[in-house]
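I opened the model today to look up a few strands, a helix and a surface patch. My notes are below.

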Amino acid sequence: MSDSLVVCEVDPELTEKLRKFRFRKETDNAAIIMKVDKDRQMVVLEEEFQFVVYSYKYVHDDGRVSYPLCFIFSSPVGCKPEQQMMYAGSKNRLVQTAELTKVFEIRTTDDLTEAWLQEKLSFFR
């Protein structure tokens with residue numbers, strides 16, 4: 001699938017919330033959870049688990065602390081092929097809009113553990 005495929009736009013309110021989230025001052029772990037609004041053809045803020053931008057307090061082996069923004073993507077299990085295309089195509093626009101560089105995909109929510117995230121982030125030392 002082409003990286004230039006755009007299926008849904010990103011809600012401007014969500015774009016602003018993501019910008020503020022990137023520069024937040026808190027040092028705890030926090031998440032913004034999003035979904036595709038099929039009727040509006042737009043990625044919007046949500047409380048269900050589909051797209052997650054997660055600010056994670058990561059302690060490196062040498063003791064340094066960083067707060068990477070991690071984009072975690074999951075296509076809902078059992079959704080129709082047209083919906084899967086909508087999620088896949090919207091992912092690229094969201095990554096570009098929010099300027100995310102740590103992008104991970106999971107198959108099920110059971111995969112999303114702290115150990116899994118630490119393993120993924122260790123690649124970016």
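These entries record what I looked up, one topic at a time.

The model is predicted, and I read it as such.

Entry 1, strand S4. I started with S4, which runs over residues 51-55. Four of its five residues are buried, so I noted the strand as mostly covered. I then looked up its partners. Strand S2 (residues 30-37) pairs with S4 in the antiparallel sense, over five bridges. S4 also pairs with S7 in the antiparallel sense, again over five bridges.

I went on to H3, residues 114-121, and found Trp116, Leu117 and Leu121 buried. Looking down the axis of H3, I find its buried residues within an arc of 130°, so they line one face of the helix. What do the buried residues of H3 pack against? They pack against S4, strand S5 (58-59), S7 and strand S8 (102-105). On the face of H3 turned away from the buried side I noted the exposed residues Ala115 and Glu119.

Last, I looked up a nonpolar patch on the surface, formed by Val59, Val65 and Tyr67. Together these residues have about 250 Å² of accessible area. I placed Tyr67 in the loop between strand S6 (65-66) and strand S7 (69-73). Is Tyr67 buried or partly exposed? Its relative accessible area is 35%, so I list Tyr67 as partly exposed.

How values were computed
Residues are numbered from 1 along each chain as its sequence is written. This is a predicted model: local features need pLDDT of at least 70, side-chain atom pairs count only at pLDDT 80 or more; totals for chains, interfaces and linings use all residues. Side-chain values use heavy atoms; hydrogens and water are left out. Patches are made of residues with over 30% relative accessible area and no salt bridge: like charges are joined within 9 Å, nonpolar side chains (Val, Leu, Ile, Met, Phe, Trp, Tyr) within 5 Å. Accessible areas come from the Shrake-Rupley method with a 1.4 Å probe; for residues, only the protein chains shown count as cover. A salt bridge is a side-chain nitrogen of Lys or Arg within 4 Å of a carboxyl oxygen of Asp or Glu. Helices (H or I, at least four residues) and strands (E, at least two) are DSSP runs, numbered from the N terminus. Buried means under 20% relative accessible area, exposed over 50%, partly exposed in between (1.4 Å probe, protein chains only). Two strands pair if DSSP finds at least two bridges between them. The arc is that of the directions from the helix axis to the C-beta atoms. Contact means heavy atoms within 4.5 Å.
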